[in-house]
Amino acid sequence: MAQQVRGVIARSKGAPVEVVTVVVPDPGPGEAVVKVQACGVCHTDLHYREGGINDEFPFLLGHEAAGVVESVGEGVTDVAPGDFVVLNWRAVCGDCRACRRGRPWYCFATHNAKQKMTLTDGTELSPALGIGAFAEKTLVAAGQCTKVDPAASPAAAGLLGCGVMAGLGAAINTGGVGRGDSVAVIGCGGVGSAAVLGARLAGASRIIAVDVDARKLAAAQKLGATHTVDSSAADAVEAIRELTGGNGADVVIDAVGRPETYQQAFYARDLAGTVVLVGVPTPEMQLELPLLDVFGRGGALKSSWYGDCLPSRDFPMLIDLYLQGRLDLDAFVSETIPLDGVEQAFERMHKGEVLRSVVLF
């Protein structure tokens with residue numbers, strides 16, 4: 001029987017979000033209903049509200065979440081009612097060409113719930129990243145539920161569902177940071193700060209945080225940055241080179257996703273080094289680089305999709321590290337807010353006042 005719950009929607013482009021009644025259907029085959037306990041306010045949700053993703057309004061926002069499985073549909077065996085789960089937006093299919101080649105983190109046919117949540121008048125909602133977790137309960141594909149240790153704080157665990165995993169994975173999975181490497185991270189919001197933490201976990205010897213905001217640089221230092229660069233006062237490329245013996249960093253992570261920051265990353269890496277783009281550009285952005293420089297500098301230019309993570313592999317492992325005190329996920333939770341505080345949280349995020357606001361239910 002369908003349930004009615006409170007949720008946050010973006011009804012039209014640029015309009016303030018609203019708390020409304022959302023109708024959540026019973027789970028069908030391969031689906032699950034999750035009682036949401038916490039959901040982070042991610043910049044991607046703001047992109048949805050601003051029409052930067054697509055125009056399939058109204059959107060049910062929220063995707064960086066943890067909660068407890070309430071019910072499952074036919075054929076679901078990996079999770080059961082009562083399981084504590086982190087939601088992920090790349091439920092691998094197991095059958096596409098990437099999955100068949102043993103690279104499921106690149107899955108080209110990830111799936112979502114087939115049924116739609118609706119408003120009380122029957123208007124279908126588009127769930128952000130196929131999740132829609134700014135709601136007391138949400139309907140997802142069961143593969144979007146990753147079971148983890150229930151001892152973890154929901155507010156901290158949920159952040160693995162997007163931003164923190166994207167940053168950690170950009171360093172560890174995509175960038176392949178290893179012991180003794182030098183790493184530079186350009187842009188130290190939630191994703192960039194997580195990349196700093198990932199580089200530290202991987203054993204990097206020199207971790208350079210770059211930003212224009214002194215507050216973000218201070219936060220990055222607490223998470224493991226050995227050096228900081230205020231790029232509003234210094235040339236980022238020159239500063240990174242100076243801090244790496246004139247060579248450039250082994251891995252440079254662009255957590256902003258603008259042409260100018262990508263160029264900084266490209267020229268701030270060592271010869272044969274790696275650039276990782278994890279910041280998401282907007283459709284109109286264009287990049288221009290001399291092709292001779294692309295050839296002559298060698299190395300690798302990579303994009304990181306969701307930190308190239310495999311949720312079933314990475315989430316439980318990272319939660320174990322968190323519970324051991326080796327991964328400070330709590331440091332990313334700047335504040336907890338009620339469901340009706342999302343619009344104000346967007347404003348604080350835009351001003352750079354928080355790493356993450358987290359809705360608690």
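This is a predicted model: local features need pLDDT of at least 70, side-chain atom pairs count only at pLDDT 80 or more; totals for chains, interfaces and linings use all residues.
Stop 1: Start by selecting the five strands that form an open sheet with mixed pairing, ordered β7-β2-β1-β4-β8. Now colour residues 118–119 (β7) and 126–127 (β8): these strands stand at the edges, and each has a single partner strand, so one side of each is left without a neighbour in the sheet.

Next, zoom in on β1, residues 3–10, and β2, residues 18–24. The two run antiparallel and are joined by seven bridges. For a landmark in this pair, pick R6, which stands opposite T21 in β2.

**Stop 2: the cores.** Move on to L160, L168 and I253 and show their side chains. Within the largest nonpolar core, which has 52 residues, these three touch the most other members. Keep L168 selected and look around it: beyond its neighbours within four places in sequence, its contacts are L160, N173, A194, A195, L197, G198, L201, L318 and L327. Then select A32, V69, V76 and A128, which are among the 33 residues of a second, separate core.

**Stop 3: T174.** Finally, display helix α4, residues 163–174, and find T174 in it. Show what surrounds T174: setting aside residues up to four places away in sequence, it touches G169, V276, K302, S303, S304, G307 and D308. To end, draw a distance from the C-alpha atom of T174 to that of A204; the two are 30 residues apart along the chain and separated by 15 Å.

Methods
Residues are numbered from 1 along each chain as its sequence is written. Side-chain values use heavy atoms; hydrogens and water are left out. A nonpolar core is a set of buried Ala, Val, Leu, Ile, Met, Phe, Trp, Tyr and Cys residues joined through side-chain atoms within 4.5 Å. Buried means under 20% relative accessible area, exposed over 50%, partly exposed in between (1.4 Å probe, protein chains only). Contact means heavy atoms within 4.5 Å. Helices (H or I, at least four residues) and strands (E, at least two) are DSSP runs, numbered from the N terminus. Two strands pair if DSSP finds at least two bridges between them.
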